[in-house]
Amino acid sequence: MPGKIHKVVVAIAMEAEAAPFIEHLSLKSDETVFPEKVPFKAFSGKYESCDITVVTNGKDTVYETGVDNVGTVPAAAAVLLALQKLDNTDLVINAGTCGGFKRKGAEIGDVFLTEASANHDRRIPIPGFTEYGIGTIASTSILNLAESIGAKTGICTTGNSLDMTVDDAVHIESNNASVKDMESAAIAWTCALYKTPHFGLKVVTDIVDGDKPTQDEFMENLHSASVSLQQALPKIINYVCGKGHDEL
């Protein structure tokens with residue numbers, strides 16, 4: 001079991017989600033974390049007994065759209081480069097918004113901590129590759145933390161589309177997912193490579209199995225969810241800093 005937690009990386013895909021937390025902790029831009037050629041951004045500082053680094057995926061330059069780099073590819077690449085640079089990181093927190101499932105008790109604004117992550121859009125019906133495609137990875141234990149901050153817990157399922165196809169729905173239900181995002185399983189995979197404990201902090205912006213279009217509900221609730229994220233993250237940092245992983 002790793003020792004006490006003193007070095008924390010917080011991975012947040014979208015800049016709008018990250019900005020309130022960066023401002024709240026007075027973190028400063030850190031240009032030493034990433035190579036010049038990548039769009040990823042890092043912000044570092046001290047909080048209590050912890051060294052905190054927030055990494056975001058930056059804006060798209062490859063397709064020249066200028067939108068946030070969302071999805072599994074930039075998420076995995078950003079966290080991989082961060083862990084490569086920030087030796088002996090004790091904990092990675094994947095923070096962001098998500099879709100929730102009302103059948104699992106999710107409501108708009110709910111804060112979830114992940115018990116595990118899996119993929120729902122990597123469908124490879126070949127022996128061995130099926131399990132690889134799903135790619136379930138357990139999060140570090142978070143039950144005490146969840147109770148402390150009043151968060152719900154559940155499995156996060158990951159895919160690279162905002163909508164949900166019929167095939168997606170079948171695999172999401174098979175994954176027993178409470179929430180759905182576009183980064184969690186990729187970040188979990190990277191953390192597994194580096195044997196770095198991790199978990200996800202997810203705030204629900206839309207109800208995937210509800211009656212409103214996902215994109216409309218997401219945009220309607222993004223700001224309020226970002227505020228909820230900013231409120232939950234300091235509580236989590238306060239709780240984890242200086243503790244052992246077995247205390248989470």
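The crossing of α1 and α7 is right-handed, the handedness being right when the near helix is turned clockwise from the far one by less than a right angle and left when it is turned anticlockwise. The contact is made by Ala16, Glu17, Pro20, Phe21 and His24 on the α1 side, and by Leu222, Ser226, Leu229, Gln230, Leu233, Pro234 and Ile237 on the α7 side. Contact here stands for heavy atoms within 4.5 Å. By residue class, this contact holds eight nonpolar, three polar and one charged. In that scheme Ala, Val, Leu, Ile, Met, Phe, Trp, Tyr, Cys and Pro count as nonpolar, Asp, Glu, Lys and Arg as charged, and the others, Gly among them, as polar.

The model is a predicted one, in which local features need pLDDT of at least 70 and side-chain atom pairs count only at pLDDT 80 or more, whereas totals for chains, interfaces and linings use all residues. Residues are numbered from 1 along each chain as its sequence is written, and side-chain values use heavy atoms, with hydrogens and water left out.

Helix α1 covers residues 15–24 and helix α7 residues 214–240; such helices (H or I, at least four residues) and the strands (E, at least two) are DSSP runs numbered from the N terminus. The two helices pack at an angle of about 40°, and their axes are 8 Å apart. Axes are lines fitted to C-alpha atoms, for helices over the stretch in contact, and the angles run from 0 to 180 degrees between N-to-C directions. Helices α1 and α7 are therefore oblique to each other, given that angles under 35 degrees count as roughly parallel, over 145 as roughly antiparallel, 65 to 115 as roughly perpendicular and the rest as oblique.

Buried residues in α2 are Thr72, Pro74, Ala75, Ala76, Ala78, Val79, Ala82 and Leu83; buried means under 20% relative accessible area, exposed over 50% and partly exposed in between, with a 1.4 Å probe and protein chains only. Their cover includes strands β1 (7–12), β4 (50–56), β5 (91–100) and β8 (152–158), together with helix α6 (184–193).

Helices α2 and α6 pack at about 30°, with their axes 8 Å apart. That angle makes α2 roughly parallel to α6, and the crossing of this pair is right-handed. On α2, the residues that meet α6 are Thr72, Ala75, Ala76, Val79, Leu80 and Leu83; their partners on α6 are Ala186, Ile187, Thr190 and Cys191. The contact of α2 with α6 divides into eight nonpolar, two polar and no charged residues.

Several individual residues also deserve a look. Alanine 13, in the loop between β1 and α1, is buried, with a relative accessible area of 8%. Threonine 56 is 43 residues away from alanine 13 along the chain, yet their C-alpha atoms are separated by 5.1 Å. Leaving aside residues up to four places away in sequence, alanine 13 touches Thr56, Asn57, Gly58, Asp68, Asn69, Ala95 and Glu183.

Two further buried residues sit in strands. Aspartate 206 belongs to strand β10 (residues 198–207) and has a relative accessible area of 3%. Its contacts beyond four places in sequence are Cys98, Gly99, Gly100, Ile108, Thr214, Glu217 and Phe218. Serine 178, in strand β9 (residues 177–181), counts as buried at 5% relative accessibility.

Methionine 219 of helix α7 is exposed, with a relative accessible area of 56%. From methionine 219 to alanine 118 the C-alpha distance is 25 Å, for a separation of 101 residues in sequence.

Backbone angles bring up two more residues. Most residues other than glycine have a negative phi. Serine 26, in the loop between α1 and β2 (28–29), has a positive phi of about 55° although it is not a glycine. Lysine 195, in the loop between α6 and β10, likewise is not a glycine and has a positive phi, of about 50°. Lysine 195 is exposed, with a relative accessible area of 73%.
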